[in-house]
Amino acid sequence: VVRSMRDVAVTEVRSLGLAYGRRIFASSNHSPADGPGNAVDGDPSTVWTSGSVEPSWLVVDLGTVRRVSRARIAWGREFAREFSLQVSTDGQTWSEARTAANDRASPTEIRFAPVDARFVRLTGPKSPPDQSGERRGGPPTYSIREFQVFE
């Protein structure tokens, strides 16, 4: 007789947020395997990694206008020291929801005043200057395991 026990985690879809499984677009990606869909697939083992484009950004289409007030970013190995979260009802005109500083790899929770949005954009800044004011190296890359948006 062979017996086996497996741990199974059951995740309620609501806990994955409004961006889960939605259409998502990116400024670039490092490789086809690291595409933007990985950031909203609910699987923390997949990752979107930006290419060498600045600024780097992700835009998720929530499908309809929703009231949003919070986002959660599970960073991969490369994370933004500062970033901007913007919202739009039409994908053309953007409003700043929040600019945030970040000093750790994962996760980052961002809260902001509730706002109506169909599109939510996460933008990483250009390469930060060094102490002399000169830009360091090339464009930064970012990797995001999950980008979640909540009411």
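The side chains of Ser 56 and Ser 50 are joined by a polar contact of 3.5 Å. A polar contact here is a pair of N or O atoms within 3.5 Å; within protein, one atom must be able to donate a hydrogen and the other to accept it, and residues adjacent in sequence count only if both atoms are side-chain atoms. Ser 56 has its place in the loop between β2 (48-49) and β3. With 3% relative accessibility, Ser 56 counts as buried; the classes are buried for under 20% relative accessible area, exposed for over 50%, and partly exposed in between (1.4 Å probe, protein chains only).

The model is a predicted one, in which local features need pLDDT of at least 70 and side-chain atom pairs count only at pLDDT 80 or more, while totals for chains, interfaces and linings use all residues. Residues are numbered from 1 along each chain as its sequence is written, and side-chain values use heavy atoms, with hydrogens and water left out.

The overall layout comes next. The protein chain holds zero helices and seven strands, so named because helices (H or I, at least four residues) and strands (E, at least two) are DSSP runs, numbered from the N terminus. Read from the N terminus on, the elements run β-β-β-β-β-β-β. Of the 151 residues in the protein chain, 39% are buried. Contact means heavy atoms within 4.5 Å; among contacts between residues at least 6 apart in sequence, 70% join residues at least 24 apart.

The interior can be followed through its nonpolar core, a set of buried Ala, Val, Leu, Ile, Met, Phe, Trp, Tyr and Cys residues joined through side-chain atoms within 4.5 Å. The largest such core has 27 residues, and Val 60, Ile 144 and Phe 147 are those with the most contacts inside it. Two or more residues of this core come from each of β3 (57-75), β4 (82-88), β6 (108-123) and β7 (143-150). Strand β3 gives the largest share, seven residues. When residues up to four places away in sequence are not counted, Ile 144 touches Ala 39, Thr 46, Val 47, Trp 48, Leu 58, Ile 73, Ala 74, Trp 75, Gly 76 and Leu 122.

Arg 66 is partly exposed, with a relative accessible area of 26%, whereas Glu 151 is exposed, at 55%.

Another salt bridge brings together the side chains of Arg 67 and Asp 116 (3.3 Å, N to O). Because Arg 67 lies in strand β3 and Asp 116 in strand β6, the pair ties together parts that are 49 residues apart in sequence. Both partners count as partly exposed, Arg 67 at 45% relative accessibility and Asp 116 at 38%.

A salt bridge also links the side chains of Arg 70 and Glu 109 (2.6 Å, N to O). Here Arg 70 in strand β3 and Glu 109 in strand β6 are 39 residues apart, and the pair links distant parts of the chain. Arg 70 is partly exposed, with a relative accessible area of 21%, and Glu 109 counts as partly exposed at 36%.

A charge sits over a ring if NZ of Lys or CZ of Arg is within 6 Å of the ring centre and within 35 degrees of the ring normal. The charged end of Arg 121 likewise sits over the ring of Trp 94, 4.1 Å from its centre.

Ala 97 can also be placed relative to Arg 70: the two are 27 residues apart in sequence and 9.6 Å apart in space, C-alpha to C-alpha. Ala 97 is found in strand β5 (residues 95-101) and counts as partly exposed at 22% relative accessibility. Leaving aside neighbours within four places in sequence, Ala 97 is in contact with Leu 85, Gln 86, Val 87 and Phe 112.

Methods
Salt bridge = Lys/Arg side-chain N within 4 Å of Asp/Glu carboxyl O.
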